[in-house]
Amino acid sequence: STLRAFCTSDYSRRAIFEEGVLHVLLLALNIGCLACKRKVSSMLALLSLNHQNKFDLARSEEIKEFMCLLKSGDTHCVSLFCRCIGSICEVKELHPHVLNVLSLEELPRPSSDTDPKVAKEVVRCYANLSSNSDYHTAIVTPTMIKNLIAF
């Protein structure tokens with residue numbers, strides 16, 4: 001909670017990241033409690049607002065371990081981690097890194113049943129990825145088109 005409070009500026013987000021916060025977040029994630037998962041998701045969403053952090057997050061080994069937040073079953077965790085992914089995907093050159101650790105099938109499927117917060121962040125991920133024509137074939141699948149139309 002204290003670290004989240006310090007993530008109010010771009011400078012502090014970078015300074016916190018440089019001090020090795022990913023290791024601490026993994027430790028918190030491994031505790032397994034929902035409150036810890038929510039705090040980890042929140043921190044990742046905040047940290048990903050810094051431009052250099054986007055690069056370092058996408059290229060980190062730890063990012064693979066955070067993917068479990070997508071399967072947490074908690075709207076708060078899922079929407080904030082999707083926000084993190086969406087922020088990273090704002091940088092076209094990071095798309096290959098994201099797609100190497102994340103199957104698009106792992107993202108929640110936007111539909112009329114999807115929580116609006118989650119749907120917004122998932123659609124943002126797809127929108128950012130779609131800005132790169134090299135990945136249109138990975139995005140444009142019959143299932144994805146059907147889900148987006150249903151949404």
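The largest cavity holds about 40 Å³ of space, the volume being that filled by probe spheres set on grid points joined across faces, edges and corners. A cavity here is a set of points, on a 1 Å grid over the protein atoms alone, where a 1.4 Å probe fits but cannot get out. This is a predicted model, in which local features need pLDDT of at least 70, side-chain atom pairs count only at pLDDT 80 or more, and totals for chains, interfaces and linings use all residues. Residues are numbered from 1 along each chain as its sequence is written, and side-chain values use heavy atoms, with hydrogens and water left out.

**Cavity**

- Searching the whole structure gives 1 cavity of 30 Å³ or more.
- Its lining (residues with an atom within 4 Å of a point) consists of Ala 58, Ile 63, Met 67, Ile 85, Ile 88, His 97, Val 98 and Val 101.
- Two or more lining residues come from each of helix H7 (75–88) and helix H8 (95–101); helices are DSSP runs of H or I with at least four residues, numbered from the N terminus.
- H8 gives the largest share of this lining, 3 residues.
- By class, the lining has 7 nonpolar residues, 1 polar and no charged; Ala, Val, Leu, Ile, Met, Phe, Trp, Tyr, Cys and Pro count as nonpolar, Asp, Glu, Lys and Arg as charged, and the others, Gly among them, as polar.

**Helices H4 and H7**

- The axes of H4 (residues 34–47) and H7 come within 8 Å and cross at roughly 20 degrees; axes are lines fitted to C-alpha atoms over the stretch in contact, and angles run from 0 to 180 degrees between N-to-C directions.
- H4 is therefore roughly parallel to H7, a term for angles under 35 degrees.
- Their crossing is left-handed, meaning that the near helix is turned anticlockwise from the far one by less than a right angle.
- In contact (heavy atoms within 4.5 Å) are residues including Leu 34, Lys 37 and Arg 38 of H4 and His 76, Cys 77 and Leu 80 of H7.
- The residues of this contact divide into 7 nonpolar, 3 polar and 3 charged.

**Helices H3 and H4**

- H3 (residues 21–31) packs against H4 at an angle of about 155 degrees, with the axes 8 Å apart.
- H3 is therefore roughly antiparallel to H4, the term for angles over 145 degrees.
- The crossing of H3 and H4 is left-handed.
- Val 21, Leu 22, Leu 25, Ala 28, Leu 29 and Ile 31 of H3 meet Cys 36, Lys 37, Val 40, Met 43, Leu 44 and Leu 47 of H4.
- This contact has 11 nonpolar residues, no polar and 1 charged.

Definitions and conventions
1 Å grid on protein atoms, 1.4 Å probe; cavity = no way out; pocket = protein on both sides within 12 Å on 5 of 7 lines; lining within 4 Å. Parallel < 35°, antiparallel > 145°, perpendicular 65-115°, else oblique.
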